[in-house]
Amino acid sequence: MNSCAIFGASGHGMVVAEIAELCGYSTIHFYDDRFDRIKFVNRLPVIGGWELLIQSLTHYDNVIIAIGDNYIRSTKVSLLKEAGATSMALVHPSAIVSQYSKVGGGTVVMANAVINPNCTIGDGCIINTSSSVDHDCFINDGVHISPGANFAGGVSVGNNTWIGIGSSIKQNVDIGRNVIVGAGSTVLSNIAANLTVIGSPAKPIDLE
C-alpha cells in the first residue's frame, strides 16, 4: 500500500487521513469540490475536485469517501465503483475486527471500535470511535455507527441509517433503511424504514 485519495476535506476527512497514515500509506491526497478555497487539510494537499479525482483513479491504491452525510457518501461510493476505483476498508490499528467478519470497501473503522465474529459490514460505512458491533450483525451499505454506540448480537441495519452517539441496540433487532436513531437512545424493538427515533426506549418522532 502506497497511495490513498480521500474525497472530503473536512474534520471527518482529517480522521480518515490519520488512519491512512497509521495503516502505512505514504502518499495521501485530498480531493474536494471546494479546492479553490481549501488548499490543505493539516499538512496534506487538496489536489482538486471530483472530476479530477475520477480522472486520477489509476494513481491510487485506495480511494475513500470521507463525507458524513450517508446518502451523499453512498452515492459517491457507487460512482467510484462504476468508474473502476479501488476502494478498500481502512481499519485503525487499535480497532478489533474479527477474522470471521467481513468489512466492505470504502468503510472506515475508527480507533477502539470492535467488530465481533460473523458480522457483515457493507460498503462505505463509518464504524466510529469506540463503537461495538457484536456477533452476527448485518450492517448494510452507507451506515454510520457513531462514537460509543453499542450493538448486541444479531442486529440488522438497512442502508444509509445513522445510529447516534452513545446509542444501544438490543439483540436481534431489525432497523430499516434511512433511519435516524437519536443520540443516547436505547432501541429495544424493530424500527421501520425512514423513521427518526429518540429516547429510552426509542420511539418515533414527527419531524414535520
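Which residue in β24 is the bridge partner of V197? I looked this up in the model, which is a predicted one. The partner of V197 is P204.

Entry 1: Strand β23, residues 196-198, is joined to β24 by two bridges, and the two strands run antiparallel. Both belong to an open sheet of eight strands with mixed pairing, in the order β6-β9-β12-β15-β18-β21-β23-β24. I then checked the ends of that order. The edge strands are β6 (90-91) and β24 (203-204); each has a single partner strand, so one side of each has no neighbour in the sheet.

**Entry 2: the parallel sheet.** I found an open sheet of six strands, ordered β7-β10-β13-β16-β19-β22, with parallel pairing. Here β7 (96-97) and β22 (186-187) stand at the edges with a single partner strand each, so each has one side left without a neighbour in the sheet. For β7 I looked up the partner: two bridges join it to β10 (residues 114-115), and the strands run parallel. Within that pair, I96 has V114 in β10 as its bridge partner.

**Entry 3: helix α3, length and ends.** I compared the length of α3 with expectation. The helix has 14 residues (70-83), which should span 20 Å at 1.5 Å a residue; the end C-alpha atoms are 20 Å apart, so the two agree. At the start of α3, I noted a side-chain oxygen of D69 within 3.1 Å of the backbone nitrogen of Y71. After α3 comes G84, with a positive phi near 85°.

**Entry 4: helix α3, faces.** Which residues of α3 are buried? I listed N70, R73, S74, K76, V77 and L80. They cover an arc of only 165° around the axis, so they lie on the same side of α3. On the face turned away from the buried side I found the exposed residues Y71 and E82. I also looked up what covers the buried residues of α3; the cover includes β1 (3-7), α2 (50-55), β5 (62-65), β12 (126-127), β15 (144-145) and β18 (162-163). Of these, β12, β15 and β18 are also strands of the mixed sheet in Entry 1.

**Entry 5: the record.** I checked the annotation last. An unreviewed UniProt entry places the feature "domain: PglD N-terminal" at residues 5-76. In the model, that span is 35% helix and 26% strand, and its end C-alpha atoms lie 13 Å apart.

How values were computed. Residues are numbered from 1 along each chain as its sequence is written. This is a predicted model: local features need pLDDT of at least 70, side-chain atom pairs count only at pLDDT 80 or more; totals for chains, interfaces and linings use all residues. Side-chain values use heavy atoms; hydrogens and water are left out. Two strands pair if DSSP finds at least two bridges between them. Helices (H or I, at least four residues) and strands (E, at least two) are DSSP runs, numbered from the N terminus. The expected span of a helix is 1.5 Å times one less than its number of residues. Buried means under 20% relative accessible area, exposed over 50%, partly exposed in between (1.4 Å probe, protein chains only). The arc is that of the directions from the helix axis to the C-beta atoms. Contact means heavy atoms within 4.5 Å. A polar contact is a pair of N or O atoms within 3.5 Å; within protein, one must be able to donate a hydrogen and the other to accept it, and residues adjacent in sequence count only if both atoms are side-chain atoms. UniProt positions are given in the numbering used here, feature names are shortened, and annotations may be inferred rather than shown by experiment.
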